[in-house]
Amino acid sequence: MKKYIIQTYGCQMNEHDSEKISYTLEGAGYTYTDHLEEADFILLNTCIVRENAEHKVLGQLGALKHLKQKKPDLIIAVSGCMMQTGKARDIIRDKYRHVDIIFGTKNIDDLPYILNEYFQTGEPVLAIEEEMDLGEDETHVIRGSKHKAYISIAYGCDNYCSYCIVPYARGREISREPGRIIEEARILAEEGYKEITLLGQNVNSYGKTLRYPIRFPELLEELNKIDGLSRIRFMTSHPKDLSDELIDAMGRLDHVCEHFHLPVQSGSDAILKRMNRKYTRDQYMELVRKLREAVPGIALSTDIIVGFPGETEADFLQTLDLVKQAEFDAGFTFIYSPRPGTPAARMEEQVPKEIVSDRFQRLVDEMYAIYLRKNRARIGTTMEVLVDGTSKTDTAVLTGRTRTHHLVHFPGEPTMIGQLVDVRITGATSFTLEGEQV
Ligand code: SAH
Ligand code: SF4
Ligand code: F3S
């Protein structure tokens, strides 16, 4: 039996793309392995959102060269966002001669043909499409989990935030037909899946490109009717497109989880403007207020970029202040990384590294303290946990997520994996809750 491994970089979109790619590879006779040395087919599914993501891939490709020297039949493939834009693809094609197959984010459906071509000719294959074709049947997926699943609802992004490469890597925003999404969700429910996560770079603008446009809250409304799906999540949301209808739907629809990931990026109006985010700090805080009012107990998470070009100490203090006011339950903080080809990379006044690292540290200290305070306040409450697996360090401990997306550890049997369990919270750190089954 030939074996394959996929190493996935970047976001959930890429993780889900890897699940689609697995389907084709298994159809071609490969079985999955966790061990790189065992694999006959190694795929790196890449990300280009920050420079370090690119460095990791190039480093890994360098290491794979040695493996290929020992094992000349090994097939090495590279896919994903890094292949769609920027210089890396050309560098890999020209300088990394041990790479056999390169394909883009819009060629996943073509993979059977790409593999065929490679097997017939033995020559390197490069397949990069610029336009997304939605003729696909997305039920052709080998999912990483038996109880929670990703469903793509839209591809691409039209927002062009000035720092971001994603619109260049993923192309224009295009929505899948609601009928197909609902059908995919129904099949998942019949198969026993308990949770779905709807994926799009900006789910709030879902439906705009459809022949018969519908809006995101209407899609949620339909999905909420499916029996057996206890949890519906979605990401990511853009504050400029977060409507009162969606906030209302969040409060009303019982399967939609009490968690909202709402990237703010910065707390300074001047920076938000230069980022081309199209909302102000006050508008963002108003959304936070409305969400907390409509959905009691909701957890809010965010993304923040530190050190955007021209960010002054006063701008940064605005971000710190917003974080204190919004009281986020979780978040991702990033150091600004100039992406060639984006408007921000051409802006003067790039902030010196030492200043950025100092601000980054102050920001995470503040955020972690808030998470800890908020997590401690949950001690004594009972939360529903969907059990994902056993802890890496102790198999007598289970890990899972609450509806609010908190990570919970509690003692239990592996037979409980995939089940919904009520857990009383007994302890907390900034990032995890501990508890016991009630
Ligand atoms: N579409 C989503 C996710 C985009 S990428 C959204 O709009 O939120 C995920 C996060 O990466 C972004 O929210 C942003 O915080 C961060 N990011 C994007 N480009 C970046 C860059 N050039 N440098 C640092 N962080 C970046
Ligand atoms: Fe990037 Fe902005 Fe689109 Fe998100 S909304 S993917 S940050 S351009
Ligand atoms: Fe990276 Fe592409 Fe996602 S650039 S963050 S993998 S959309």
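Modeller: Domain bounds come from an automatic or database domain assignment. Please note that this is a predicted model.

Colleague: Which domains does the assignment give for the protein chain?

Modeller: The assignment gives domain 1, covering 3-127, and domain 2, covering 382-437. Their C-alpha centres lie 34 Å apart.

Colleague: On to ligand 3: which residues are around it?

Modeller: Around ligand 3 are C11, N14, C47, I48, V49, C81, R170 and Q201. That shell divides into five nonpolar residues, two polar and one charged.

Colleague: How many aromatic pairs does a search of the whole structure find?

Modeller: The search finds 14 aromatic pairs. One of them joins Y163 and F308 edge-to-face, at 6.3 Å centre to centre with 85° between the planes.

Colleague: Which parts does that pair tie together?

Modeller: Y163 lies in the loop between β8 and α5, and F308 in the loop between β13 and α11, so the pair ties together parts 145 residues apart in sequence.

Colleague: And what aromatic pair do F308 and Y336 form?

Modeller: That pair is also edge-to-face, at 5.6 Å centre to centre and 65° between the planes. Y336 lies in the loop between β14 and α12, so this pair ties together parts 28 residues apart in sequence.

Colleague: What sits over the ring of F334?

Modeller: The charged end of R50 does, 3.7 Å from the ring centre.

Notes. Residues are numbered from 1 along each chain as its sequence is written. Chains are lettered from A and ligands numbered from 1 in the order in which they are written. This is a predicted model: local features need pLDDT of at least 70, side-chain atom pairs count only at pLDDT 80 or more; totals for chains, interfaces and linings use all residues. Side-chain values use heavy atoms; hydrogens and water are left out. A residue is near a molecule or strand if one of its heavy atoms lies within 4 Å of it. Ala, Val, Leu, Ile, Met, Phe, Trp, Tyr, Cys and Pro count as nonpolar, Asp, Glu, Lys and Arg as charged, and the others, Gly among them, as polar. Rings of Phe, Tyr and Trp (its six-membered ring) pair if their centres lie within 6.5 Å; planes under 30 degrees apart count as stacked, over 60 as edge-to-face and the rest as tilted. Helices (H or I, at least four residues) and strands (E, at least two) are DSSP runs, numbered from the N terminus. A charge sits over a ring if NZ of Lys or CZ of Arg is within 6 Å of the ring centre and within 35 degrees of the ring normal.
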